[in-house]
Amino acid sequence: MNNHWLDKFSLILITFWVGALWTTGAVAYSLFHTLQNNQLAGQLAGQFFTYVSYLGLFSAFYLLIHRLLGHGTQALKQSYFWALFVMLLLVLAGNFGIQPLLAQLKANAFPADVMQSVFANRFKAWHGVASIAYVVQCLLGFVVVVKK
């Protein structure tokens, strides 16, 4: 495969990943405002966020390696590279740190809804952290798109 196709593939990945980030955020918002069952809305939104996380992991690793191979150490001076790197860190923190913590809080509250349990405040706090990290990823996605 020549560089032309690798470059095109990087554009496709950016499109899918950043588009999926924004779309999933909008879908999650819609689920909670449309469905009367917040637990179901949370489960559905959680599945979407999980899929986007795995897409993000693959995309970030590919895009970072592609940039390093194409630009060498000059890549380390580019906002594109650092936006991708921070996005990767946020995906890793969310998927392997915050989400397991939220799942554990839900499991500890079972059979009750976590929001009706003694874990509600901790869940809200960590959910807020996850939400902020997600919004930052979405905003950094703009940087990646513009700086490509």
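This is a predicted model: local features need pLDDT of at least 70, side-chain atom pairs count only at pLDDT 80 or more; totals for chains, interfaces and linings use all residues.
Start with the α1/α2 pair. Two packed helices are described by the angle between their axes and the distance between the axes. Here, helix α1 covers residues 3–34 and helix α2 covers residues 38–71, and their axes come within 9 Å, crossing at roughly 160 degrees. That angle makes α1 roughly antiparallel to α2, since anything over 145 degrees counts as such. As for handedness, the crossing of α1 and α2 is left-handed. Sorted by class, the residues in the α1–α2 contact come out as 23 nonpolar, seven polar and one charged.

Between α1 and α2 sits a loop, and Q36 is in it. Q36 has a relative accessible area of 84%, so it counts as exposed, the cut-off for that label being over 50%. Q36 also gives a handle on distance across the model: Q36 and K147 are 111 residues apart in sequence, and their C-alpha atoms lie 41 Å apart in space.

Now for helix α4, which runs over residues 120–147. Several α4 residues are buried: A120, F123, A130, A133, Y134, Q137, C138, L140, G141 and V144.

Notes: Residues are numbered from 1 along each chain as its sequence is written. Side-chain values use heavy atoms; hydrogens and water are left out. Axes are lines fitted to C-alpha atoms, for helices over the stretch in contact, and angles run from 0 to 180 degrees between N-to-C directions. Helices (H or I, at least four residues) and strands (E, at least two) are DSSP runs, numbered from the N terminus. Angles under 35 degrees count as roughly parallel, over 145 as roughly antiparallel, 65 to 115 as roughly perpendicular and the rest as oblique. A crossing is left-handed if the near helix is turned anticlockwise from the far one by less than a right angle, and right-handed if clockwise. Ala, Val, Leu, Ile, Met, Phe, Trp, Tyr, Cys and Pro count as nonpolar, Asp, Glu, Lys and Arg as charged, and the others, Gly among them, as polar. The expected span of a helix is 1.5 Å times one less than its number of residues. Buried means under 20% relative accessible area, exposed over 50%, partly exposed in between (1.4 Å probe, protein chains only).
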